[in-house]
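Work through the exercises below with the model in view. Try each task before reading its solution.

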Amino acid sequence: MNRNQVLPQVVLSGEPNALRKIDFCAPQTYQGSGFLPIKALARVAKEVSEIAEGDGFTWSVQSRFTHSPGSEPNPILDLSLNGKLHLICQRCLRPFAVDLVEKRQFLLLASEADADAYPIEDDELEPLVASQHFDLLETIEDEILLSLPLIPKHSEGVCQAHLSYGDANETEGGPAEKRENPFNILKNMKKSS
C-alpha cells in the first residue's frame with residue numbers, strides 16, 4: 001500500500017499568517033494554494049519599484065512521500081509560483097512588469113547536518129530542513145527573491161539607454177566643447193611652478 005494513500009492530507013489556508021507555522025515533521029501530507037499580494041511579502045516589497053493592482057504571486061504546495069528501496073520514505077515538497085511585480089529597468093531607469101513562473105521540488109530533511117550532506121549534484125531536489133514550526137511563507141519569499149533577475153531590464157529593443165548628464169548636454173545643444181585632458185592641465189601647472 002502506498003504511504004501517501006494512508007496518511008491524512010491537510011489542506012493549507014491561503015492566508016499569509018497561516019503559512020508561518022506548519023508541522024512538516026508530522027506524519028501527514030499537505031496541499032494548498034492561494035494568492036500572496038506584494039504587501040504580504042516584506043522582503044520582496046523592498047525590491048519592487050511600485051506596487052500595481054494585481055501584483056503578487058499565486059502559489060501552490062503539495063507534499064508527498066517517495067519510496068526508496070531499503071530506507072524510510074522521503075518527504076517531498078512541490079512548490080509552484082506564478083506572479084508579477086514591478087522593477088526598475090537598469091537600461092532606461094523606468095519601472096516595468098516582470099512575470100515570474102517557478103517550480104521547485106524540495107527534499108524535506110530532519111537536520112542541518114543531513115541537508116549539508118545532501119549531494120549538490122542533484123538538480124531536481126533541493127534540501128530543506130523540516131521542522132514543527134516551518135515558515136512556508138518565508139520559503140516562498142526566498143524563492144521569489146532568488147528568481148528575480150540579477151540585472152532587471154526590458155527586452156531588447158523595448159527601451160533606450162538612459163542618457164547621463166554629460167550625454168544630455170551633447171544632444172541638447174549640439175556637441176559639447178571638447179574638454180582638455182586633465183593630465184595636460186596638471187602638466188601645465190607643473191611647468192608654471
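Buried means under 20% relative accessible area, exposed means over 50%, and partly exposed lies in between. Arg104, with a relative accessible area of 21%, is therefore partly exposed. Keep in mind that this is a predicted model.

**Exercise 1. Describe the largest pocket.**
Task: Find the volume of the largest pocket, its lining and the elements that supply that lining.

Solution. 
- Step 1. The largest pocket holds about 230 Å³ of space.
- Step 2. Its lining has 17 residues. Nearest the centre lie Phe24, Cys25, Ala26, Phe65 and Pro75.
- Step 3. S3 gives the most, with 3 residues.
- Step 4. Sort the lining by class: 12 residues are nonpolar, 2 are polar and 3 are charged.

**Exercise 2. Trace the salt bridges.**
Task: The whole structure has 8 salt bridges. For the pair Arg20 and Asp135, say which parts of the chain are tied together.

Solution. 
- Step 1. The side chains of Arg20 and Asp135 meet at 3.3 Å, N to O.
- Step 2. Arg20 sits in the loop between strand S1 (9-12) and strand S2 (29-37), and Asp135 sits in the loop between strand S6 (126-129) and helix H4 (136-147), so the pair ties together parts 115 residues apart in sequence.
- Step 3. Compare the accessibility of the partners. Arg20 is partly exposed at 39%, whereas Asp135 is buried at 18%.

Task: Now place the pair Arg64 and Asp78.

Solution. 
- Step 1. Their side chains form a salt bridge of 2.9 Å, N to O.
- Step 2. Arg64 belongs to strand S3 and Asp78 to strand S4; the two are 14 residues apart.
- Step 3. Arg64 has 25% relative accessibility, so it counts as partly exposed.

Task: Which elements does the pair Arg104 and Glu143 tie together?

Solution. 
- Step 1. The closest N and O atoms of Arg104 and Glu143 are 2.5 Å apart.
- Step 2. Arg104 lies in strand S5 and Glu143 in helix H4, so the bridge ties together parts 39 residues apart in sequence.
- Step 3. Glu143 is buried, with 5% relative accessibility. Arg104 is partly exposed at 21%.
- Step 4. Widen the view. Glu102, Arg104, Glu126 and Glu143 are linked in a network of salt bridges.

**Exercise 3. Follow two residues across the chain.**
Task: Is Glu141 buried or exposed? List its contacts beyond four places in sequence.

Solution. 
- Step 1. Glu141 lies in helix H4.
- Step 2. Its relative accessibility is 8%, so Glu141 counts as buried.
- Step 3. Leave aside neighbours within four places in sequence. Glu141 then contacts Leu41, Ala42, Arg43 and Val44.
- Step 4. Take Arg43 from that list. Glu141 and Arg43 are 98 residues apart along the chain, and their C-alpha atoms are separated by 7.4 Å.

Solution. 
- Step 1. Leu36 has a relative accessible area of 0%, so it is buried.
- Step 2. Not counting residues up to four places away, Leu36 touches Pro16, Leu19, Leu41, Gly56, Phe57, Trp59, Leu137 and Ile140.
- Step 3. The C-alpha atoms of Leu36 and Gly83 are separated by 9.1 Å, and these residues are 47 apart along the chain.

**Exercise 4. Examine a backbone angle.**
Task: Where is Leu93 found, and what is its phi?

Solution. 
- Step 1. Leu93 is in the loop between S4 and S5.
- Step 2. Its phi is positive, about 65°, although Leu93 is not a glycine.
- Step 3. With a relative accessible area of 44%, Leu93 is partly exposed.

Technical notes
Residues numbered from 1 in each chain as written. Predicted model: local features only at pLDDT ≥ 70, side-chain atom pairs only at ≥ 80, totals over all residues. Heavy atoms only, no water. 1 Å grid on protein atoms, 1.4 Å probe; cavity = no way out; pocket = protein on both sides within 12 Å on 5 of 7 lines; lining within 4 Å. Points joined across faces, edges and corners; volume = space filled by probe spheres on them. Helix = DSSP H or I, 4+ residues; strand = E, 2+ residues; numbered from the N terminus. Nonpolar A, V, L, I, M, F, W, Y, C, P; charged D, E, K, R; others polar. Salt bridge = Lys/Arg side-chain N within 4 Å of Asp/Glu carboxyl O. Buried < 20%, exposed > 50% of the residue type's maximum accessible area, 1.4 Å probe, protein only. Contact = heavy atoms within 4.5 Å.
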